[in-house]
Amino acid sequence: MTWYRRRTVLLFMALAGLGAGFYLGLDPRTLVEPRTLRVLADFFGASFKPTLIAADGHSLWPAIWSGLLATASFAAAGMSLAIVFGAGLSFLATSGWWDGERAGRYHRFLGATVTAAARALIAAMRSVHELLWAMLFLAAFGLSPITGVIALAIPYGGTLAKVWSEILDEAPQDAANALRAAGGSPVQVWFLGLVPRVADDLASYGFYRFECALRSSAVLGFLGLPTLGYHVSLSFDNLLYRETWTFLYILFGLIVAVELWSSVLRKRRGWA
Amino acid sequence: MRFELEHASVRYPRILALDNVSLSIASGERVALVGPSGAGKTTLLGLLHGGVRPSAGTVRVDDRVLGEMSMKDLRATRLAMGFVPQSFGLVPESRVLQNVAAGRVGTRNWFGTLRDFLAPSRDTVREIHETLERVGISEKLYERVDTLSGGQQQRVAVARALFQKPRSLLADEPISSVDPSRARATVGLLSDLAQERELTLLVSLHQYELARELFPRLIGLREGRVHFDSPSSKVSESMFRDLYELDVTSS
């Protein structure tokens with residue numbers, strides 16, 4: 001039975017891949033067309049000669065620093081707001097925060113409704129990518145910093161809320177029950193009985209999302225916000241591939257630096 | 001604090017945990033609940049402290065029906081009962097101080113809760129220290145709970161219940177996880193505390209000697225029913241043994 005099913009699944013996956021290729025009109029020959037090869041050679045050739053001098057003779061350092069600072073600031077501000085959204089919504093979305101209170105039918109109905117509404121809101125926040133949110137707010141607020149911060153905070157807040165509420169649902173319930181038995185309110189039970197049991201997991205996931213936020217923040221530059229992505233797209237559009245590579249290497253360095261920082265933290269706190 | 005069960009039953013999806021139990025416990029009484037595992041002791045304690053709802057019948061605490069109270073009154077009533085669960089219900093990642101302070105969540109608003117957790121006032125710390133002194137582990141005030149032994153953790157759970165300033169103390173098998181010499185000290189402590197603070201005391205345990213020695217009244221449970229309920233002087237060792245052996249023969 002198992003071998004039979006496995007073969008069917010593999011066959012189906014292969015057919016799906018081929019079908020998608022035909023639908024999209026994928027043609028492997030595109031890869032080796034002379035024009036394509038020339039552009040590829042130009043672009044990747046430039047990766048060996050990144051430059052710190054802009055085409056107009058000025059130093060690139062001011063642009064690098066402002067791009068770095070903007071990237072980090074958008075990520076930090078967006079995450080700060082996302083943590084507020086995430087904490088509030090993950091409380092509401094944790095199953096049974098109203099439960100165990102010996103709640104009457106009315107309260108249980110209210111609790112279930114609020115939780116369902118919170119989960120729907122989380123799904124809505126998450127289902128739209130930060131780039132799309134950014135385009136939406138760009139239309140509303142223009143190229144204001146608030147555009148980037150809110151565009152990051154909404155999907156990141158939703159994702160934090162979803163994963164945090166799942167972590168909290170898995171947390172051992174004995175302390176929470178003891179606090180309810182001592183007359184604790186749902187908020188107290190959540191903060192004192194559930195969150196401390198999984199605080200390391202919550203923080204670890206939050207930090208991982210911060211790393212993701214840095215990448216997203218850089219990409220928001222493609223829409224015109226002054227992060228590293230802005231400089232990448234500007235130099236790329238002007239065919240200044242050597243400058244493009246400089247900014248890409250800086251972005252790479254930033255991500256690696258945060259990665260190192262997080263691995264030090266993880267080791268110290270014993271995170272997995 | 002007075003407790004009263006009237007024809008109370010608790011039905012879980014697959015079993016009838018308590019079957020038409022009626023009993024009343026007067027204020028200041030000290031009662032041991034005995035009976036084999038699965039007899040319904042934990043469920044009975046749960047009914048009395050409001051963690052379990054009866055499927056039928058009523059639970060009265062101080063002559064008021066638990067199921068008819070508003071959320072606020074229910075919380076106030078639960079605050080007046082110190083409950084020591086079998087698993088202790090502590091937060092192992094927090095300090096002893098914070099765990100004991102949690103006993104008073106029912107009296108604290110948001111700000112007070114936050115303050116107790118992060119930077120408790122000097123008075124609160126002194127009171128917690130005194131409570132820990134009474135249970136014999138005052139030197140552990142600032143230790144993380146997960147560095148303590150099982151017996152010490154149990155004392156933290158007792159201290160948390162005491163810190164509630166309760167009018168009753170309910171303990172679910174408090175000595176199932178400690179060695180026999182500690183067992184006597186733990187139950188003795190609960191009994192002493194109940195007498196010196198005039199608390200109604202309900203403890204579930206398995207030890208005939210201890211139960212008879214420290215509790216004036218024994219309630220024997222078996223398969224969700226009250227098998228006997230009498231002054232401990234009238235409970236013979238054979239009655240006690242029957243309670244456990246009947247369970248074997250019937251299964």
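Student: Is A:Arg180 buried or exposed?
Tutor: A residue counts as buried when its relative accessible area is under 20%. In this predicted model, A:Arg180 has a relative accessible area of 10% and is therefore buried, since that value falls under the 20% cut-off.

Student: Where does A:Arg180 lie, and which side chain does it join in a polar contact?
Tutor: A:Arg180 has its place in helix α7 of chain A, and its side chain is joined to that of A:Asn177 by a polar contact of 2.8 Å.

Student: How is the size of an interface given?
Tutor: It is often expressed as the accessible area that is lost when the parts come together. Here, the area buried between chain A and chain B is about 2300 Å², with carbon and sulfur atoms giving 59% of it, and 24 residues of chain A are in contact with 34 residues of chain B.

Student: Which residues form the salt bridge between chain A and chain B?
Tutor: The count between these two chains is one salt bridge, and it is formed by B:Glu93 with A:Arg197, whose closest N and O atoms are 3.3 Å apart. Across the interface of chain A and chain B there are also five residue pairs in polar contact, both partners being at pLDDT 80 or more.

Student: Which helix gives the most to the side of chain A that touches chain B?
Tutor: On that side, α4 (105-127), α7 (174-181) and α8 (186-194) of chain A each supply at least two residues, and α7(A) gives the most, with six residues. By kind, the residues of the side of chain A that touches chain B divide into 10 nonpolar, eight polar and six charged.

Key:
Residues numbered from 1 in each chain as written. Chains lettered and ligands numbered in written order. Predicted model: local features only at pLDDT ≥ 70, side-chain atom pairs only at ≥ 80, totals over all residues. Heavy atoms only, no water. Contact = heavy atoms within 4.5 Å. Buried area = accessible area lost by both parts, 1.4 Å probe. Salt bridge = Lys/Arg side-chain N within 4 Å of Asp/Glu carboxyl O. Polar contact = N/O pair within 3.5 Å; in protein donor to acceptor, adjacent residues only side chain to side chain. Helix = DSSP H or I, 4+ residues; strand = E, 2+ residues; numbered from the N terminus. Nonpolar A, V, L, I, M, F, W, Y, C, P; charged D, E, K, R; others polar. Buried < 20%, exposed > 50% of the residue type's maximum accessible area, 1.4 Å probe, protein only.
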